[in-house]
Amino acid sequence: MLHVSLWGDDGLKMSLEDAIAKLTANTSALADLREVLGDRLAHAAVRPGPIDEAFLPLAPHALYTRDEALVALGHWSMLDRPEMREGVIHLSNRMVDAFFVTLHKTESAYSPTTMYDDYAMGPDLFHWQSQSTTSSSSPTGRRYIEHRQRGYTPLLFVREYKQLPSGLSAPYFYLGPVQHVSNEGSCPMSIVWRLLHPM
């Protein structure tokens, strides 16, 4: 996760050992990184919960970039970074559906078919809309509704805006695993999820 944050696409050309050697050889950069990380930890607005052992190394309520989350979930590796354009990832090998939600959407950044109505309904409930092509009777819709019976775990990542004031992509709060409470409609489905770690 740190590797993709530090090196970005350049990291694809480096082994993990090469990246560590490059970083430790630059004592100034290493000192700066320690200082920045120490400051961020000391002034974090939200204290993350304990790391969720089922989905290491994710801690509920911690902030993650999309790239960090994709590495943590095993969707990305040092050598393979599949493209991700949608806000949903189905990881059948891990029995996980990961939802990446932006609360405040603008018409300039989102198409009319992706202006989903996503919002918190309280500290432990979240209203989420599926992709516009997902019906409640489709295999995907049934997996969302019947996730407990099928052994799947939906995970929720939420950010307020797409970009930070600096222009960088905003990170996501990892709200953790969620459970289906109710659903209505189709294409898209509106689902109420219960958070196992209340906000």
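1. Contacts between residues 24 or more positions apart account for 54% of those in the chain with a separation of 6 or more. The model under discussion is predicted, and the points below should be read accordingly.

2. Overall composition. The chain contains six helices and eight strands, which follow one another along the sequence as α-α-α-β-α-β-β-β-β-α-α-β-β-β. Of the 199 residues in the chain, 37% are buried.

3. Arg 159 and its charge. Arg 159 belongs to strand β6, which covers residues 153–159. Arg 159 is buried but has no salt bridge. Asp 67 is the nearest side chain of opposite charge, and it is 9.4 Å away. Since a salt bridge requires a side-chain nitrogen of Lys or Arg within 4 Å of a carboxyl oxygen of Asp or Glu, Asp 67 does not qualify as a partner.

4. Which backbone oxygen does the side chain of Arg 159 reach at 3.0 Å? That atom is the backbone oxygen of Ala 170.

5. Surroundings of Arg 159. Leaving aside residues up to four places away in sequence, Arg 159 touches Val 101, Thr 102, Leu 103 and Tyr 110, together with Ser 169, Ala 170, Pro 171 and Tyr 172.

6. Phe 173. This residue lies in strand β7, residues 172–184. Phe 173 has a relative accessible area of 31% and is therefore classed as partly exposed, the class between 20% and 50%. From Phe 173 to Glu 160 the C-alpha to C-alpha distance is 9.2 Å, with the two residues 13 apart in sequence.

7. Aromatic pairs. The structure holds nine aromatic pairs. One of them joins Trp 128 and Trp 193 in a tilted arrangement, with 6.1 Å from centre to centre and 50° between the planes. This pair links distant parts of the chain, since Trp 128 is in strand β5 (residues 125–129) and Trp 193 is in strand β8 (residues 190–195), 65 residues apart. Trp 128 counts as buried because its relative accessibility, 3%, is under 20%. Trp 193, with a relative accessible area of 0%, is buried as well.

8. Aromatic cluster and a charge over a ring. Tyr 64, Phe 100, Phe 157, Tyr 172 and Tyr 174 are linked by ring pairs into a cluster. Tyr 172 is also among the residues that Arg 159 touches. Elsewhere, Arg 143 places its charged end over the ring of Tyr 152, at 5.5 Å from the ring centre.

Definitions and conventions:
Residues numbered from 1 in each chain as written. Predicted model: local features only at pLDDT ≥ 70, side-chain atom pairs only at ≥ 80, totals over all residues. Heavy atoms only, no water. Helix = DSSP H or I, 4+ residues; strand = E, 2+ residues; numbered from the N terminus. Buried < 20%, exposed > 50% of the residue type's maximum accessible area, 1.4 Å probe, protein only. Lys, Arg positive; Asp, Glu negative; His and termini not counted. Polar contact = N/O pair within 3.5 Å; in protein donor to acceptor, adjacent residues only side chain to side chain. Contact = heavy atoms within 4.5 Å. Phe/Tyr/Trp six-rings, centres within 6.5 Å; stacked < 30°, edge-to-face > 60°. Lys NZ or Arg CZ within 6 Å of the ring centre and 35° of its normal.
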